[in-house]
Amino acid sequence: MTDENLDVLEALAGLPTFHHPVVSPDGEEIALYYDVSGRNELHFADAETGALEQVSDGEVPRNARWYINWSADGERIFFHDDHGGDEQNDIFAIDRDGTVESVVELGGQTVLADVGDDGETLLVASPESGQMNFYRHDLASGETTKLTDYDRAVRAGVLSPDCEQIAYATNEADDYDNVDVYVANADGSDPRNLEIGETGAEAGPIDWGPEGDRLLVTDNTENFSRAGIYDLETEDIAWYGNLDAEEDPVGFLPGRDRFVVQRTRDARVVPVVYDVESGEGRELDLPAGVAGVSDTGEFALDDDRVVVTHTSSNRRPELLVYDLDSDEYETLVEAEYGPFNPDRFVEADYYTFESHDGLEIGALKYDSGERPSPLVVNPHGGPRHADTLSWGLYTQFLVSRGYSVLQVNYRGSTGRGREFVERLYDDWGGGEQEDVAEATRQLASEDWIDEDRIVVFGGSYGGYSAYWQMVQYPELYAGGIAWIGLTDLDEMYETTMPHFRTELMEKQLGTPDENPDLYRERSPIEYVENLDAPLLMVHGVNDSRVPVSQARMFREALLEAGYREGEDGDFEYVELGEEGHASSDIDQKIRLFETLDDFLKRRLPAVSAPEQDD
C-alpha cells in the first residue's frame, strides 16, 4: 500500500461525522455525538449559531451506535455504554462539566426507551429476566422496578406526560407476525390491548398527546406503514395519508396540532408534516436524498422549527434547522470534506429490474468510471433494512479505489410495504439471494463491467449474503468478503440475544425444532465445499448480535474440508479485538478499510483485456 493511498484511506475514514442529534427541552441547544476531535465525543450545538461545545473527554463510547437523551431539566445527557462494543449496555448520565454517573445497570442489552417529563422517571427495556421487558427507574431513589413480563420482546415504550401511564408494543397473539399496542398503568398493571389493525399486522405507539388522552401510533395493516391518532376515551382512530408510500410517524410538534412522519419512496426519505384536524400533509422542501428527524421524538426547537439531518448518495450528512412557516432552512452543522473536493464523490443511480420470478426489485448503482470496471456487490444487512440514496462511507471508499458498487434491495427489504418484507419469511437464503444474484448477472452483462473481477461484500445479514453468494453462486464471483456474517443458523439461534432470537429468527424462520430442515439447508456452513474463490472473513470478537462463533465455525469447516488459510491460501480470517457488531470509531474504521483494501488488491485478478471488435 503506497503512502499516497494510505493517506487517502485515512483521510476518508477520518472525516468528522455527527450522530443522534436531539433537541434540548428548552429548544436552545442540540446535543449530538461528533468525532471532529478524532474520537466520538458528546457536543452541544447552539440552536441559533451552530457553535459547538465539547462536553465529554473520553467518557462516552467510541462507537456511536446508541442514541442519547436529554434529562427533563436539560442539565444532563443520558447515554448507553457497553464493554468493547458488546452492546450489553448500561445507562449513564453526563452533566455539563463532564461528570459521569452510572444510572441503570441491568443484565444484557439495556435500552433507554423514554425520559419522563416529571424529571424522576426513566423507562428502560432490558433482558435482565431472560426476555426484553420494561422497567421503571426512579432517579431519586435509584430503584428499578420491573413493569412487564412477556414471553415476546417489548418495544417502543413511551411514558405519558404525567408519567402515570405507559404505552408499548408486544405480541400475545397466536399469529407470530403480529404486534399490538398496549397501554398500562405506570406500575405495569391493567395492561389494555388497543387492538389496532388486523391480527398479523404490526402496530406500535409513537407519542402521547398533551393531556395523555390520545396516542400517535403506526400500523401496517394496509401493507404500507401509516400514522394514526388513537383516542383513548372513545377508542376511535383517525388515519392519515394516502397509503401510496411507507410513512413512519416520529412525533407531535410541541403545539400537538401537527405531527411529523418520514415518507420513503424509491430509496428517498423526506419528512412530512400532517395537520391533525384537516389531515393535510406536506413534504419538507429539501433536495432529493434522505432527510430525517430524531427518532427519539426530540426534534423540534419550537412549533415552527425542526432539526433535520440531510444527506444524499454523494453528499455527507449536514444538520439543518427547517422553518415550517417559510419552508426555508439554514445549515447548523456543515458536512466536513477535509482534503476532498465534494464533487469527487459519485452519485448513485436508483433503478428497478425484474428478478428471476418477475418481481420488481430496486437497486442502487455507483459507477466508478473505471473501464472495464471491477464491481463490488454489497447486499445490505437487517434483513429488515434497505439501501437508500444517502451517504455511504464504505461505498465511497470502494468507489475511490476504482470499484463500481451494486446494492440490491432484495425481497424482505423495507420501504416497499409489509407484503414485500414478508416475502423473506421462511425463505432466508432463497428468493432474496436469487435477487442479489440476478442483479449481479444483469449488471455483469453490461460491457463496461469486468465480469472477471466481481466481488461480494456484506456485513451482518449482508455478511450472511456474502457467505451464501460465495457457496451457492460461485461462478459469479472472483472473491468475497463476509463481515460479521451468519453461517450456521442453529448456532445463531442458540447464541444470539433473546430478543433477536424471538423477534428476528423465530418470527421469520420459526424455531429449529419446528423447521430443522430449513435451518440446516439455509446455513452457508453446509456448503463450504462449493467455495471456489478467495474469501475474507472478518468478525468482531465482542459481537453479541452475531457472535464470533459464526465465523470460527465456518473457518473450522473450511479447514476440515481441506481448504488452506492464509494470504496465499483459499481463505483469510481476521478477528477484530475490542469491537462488536461494526463500529463508527475512526481508528476501527481505518483498521477495517486497510483490511478490505489489502485483500482486494492482492486477490482480484488483473484487469481483463477488452474485447476486440471483429
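Which residues are buried in helix 7? In this predicted model, the buried residues of the helix are His499, Phe500, Thr502, Glu503, Leu504, Met505, Glu506, Lys507, Gln508 and Leu509. Helix 7, which spans residues 498-509, is thus described as mostly covered, with ten of its twelve residues buried. The list includes residues such as Phe500 and Leu504 as well as Glu503, Glu506 and Lys507. The elements against which these buried residues pack are strand 13 (155-159), helix 6 (489-495) and helix 8 (516-521). Just after the helix, Gly510 adopts a positive phi of about 75°.

The confidence of the prediction was examined along the chain. The average pLDDT is 96, and 98% of the residues score at least 70. An exception is found at residues 609-614, where pLDDT stays under 50. For this stretch the model has zero contacts beyond four places in sequence.

An open sheet of eight strands is present, with mixed pairing and the strand order 30-31-33-32-34-35-36-37. Strand 30 (349-354) and strand 37 (571-576) stand at the edges of this sheet; each has a single partner strand, so one side of each is left without a neighbour in the sheet. From one strand to the next, the twist averages 20°. Within the sheet, strand 35 (residues 479-483) and strand 36 (residues 535-540) run parallel and are joined by four bridges. In this pair, Ala482 is placed opposite Met537 of strand 36.

Helix 2 (residues 393-400) lies across strand 31 (360-366), strand 32 (373-377), strand 33 (404-409), strand 34 (449-459) and strand 35. Relative to strand 33, helix 2 runs at about 150°.

Helix 5 also packs with helix 4 (residues 431-444), at an angle of about 70° and with the two axes 11 Å apart. Helix 4 and helix 5 are therefore roughly perpendicular to each other, since angles of 65 to 115 degrees fall in that category. On the side of helix 4, the contact is made by Glu432, Gln433, Val436 and Ala437, while helix 5 contributes Tyr461, Tyr464, Ser465, Trp468 and Gln469. Sorted by class, this contact comprises five nonpolar, three polar and one charged residues.

A further open sheet has four strands in the order 9-10-11-12, with antiparallel pairing. Its edge strands are strand 9 (111-115) and strand 12, each of which pairs on one side only. Neighbouring strands of this sheet are turned by 30° against each other on average, direction ignored. Strand 10 (residues 121-126) pairs with strand 11 (residues 133-138) in the antiparallel sense over six bridges, and Leu122 stands opposite His137 of strand 11. The hairpin formed by strand 10 and strand 11 has six residues between the strands, and Gly130 there takes a positive phi near 120°.

Strand 11 is likewise antiparallel to strand 12 (residues 144-146), to which three bridges join it. Across this pairing, Arg136 has Thr145 as its bridge partner, and His137 has Thr144. His137 therefore takes part in pairing on both sides of strand 11, because it stands opposite Leu122 and is also the bridge partner of Thr144, where pairing rests on DSSP bridges. The hairpin of strand 11 and strand 12 has five residues between the strands, and Gly142 in the turn has a positive phi of about 80°.

Leu42 is placed in strand 3 (residues 41-46). With a relative accessible area of 1%, Leu42 is buried, because the limit for this class is under 20%. Leaving aside residues up to four places away in sequence, Leu42 touches Ala31, Leu32, Tyr33, Glu53, Gln54, Val55, Ser56, Val60, Ile68, Ile77 and Ile94. One of these residues, Ile68, is 26 residues apart from Leu42 along the chain, and the two C-alpha atoms are separated by 9.4 Å.

Conventions: Residues numbered from 1 in each chain as written. Predicted model: local features only at pLDDT ≥ 70, side-chain atom pairs only at ≥ 80, totals over all residues. Heavy atoms only, no water. pLDDT = per-residue confidence, 0-100. Contact = heavy atoms within 4.5 Å. Pairing = 2+ DSSP bridges. Helix = DSSP H or I, 4+ residues; strand = E, 2+ residues; numbered from the N terminus. Axes fitted to C-alpha atoms, helices over the stretch in contact; angles between N-to-C directions. Parallel < 35°, antiparallel > 145°, perpendicular 65-115°, else oblique. Nonpolar A, V, L, I, M, F, W, Y, C, P; charged D, E, K, R; others polar. Buried < 20%, exposed > 50% of the residue type's maximum accessible area, 1.4 Å probe, protein only.
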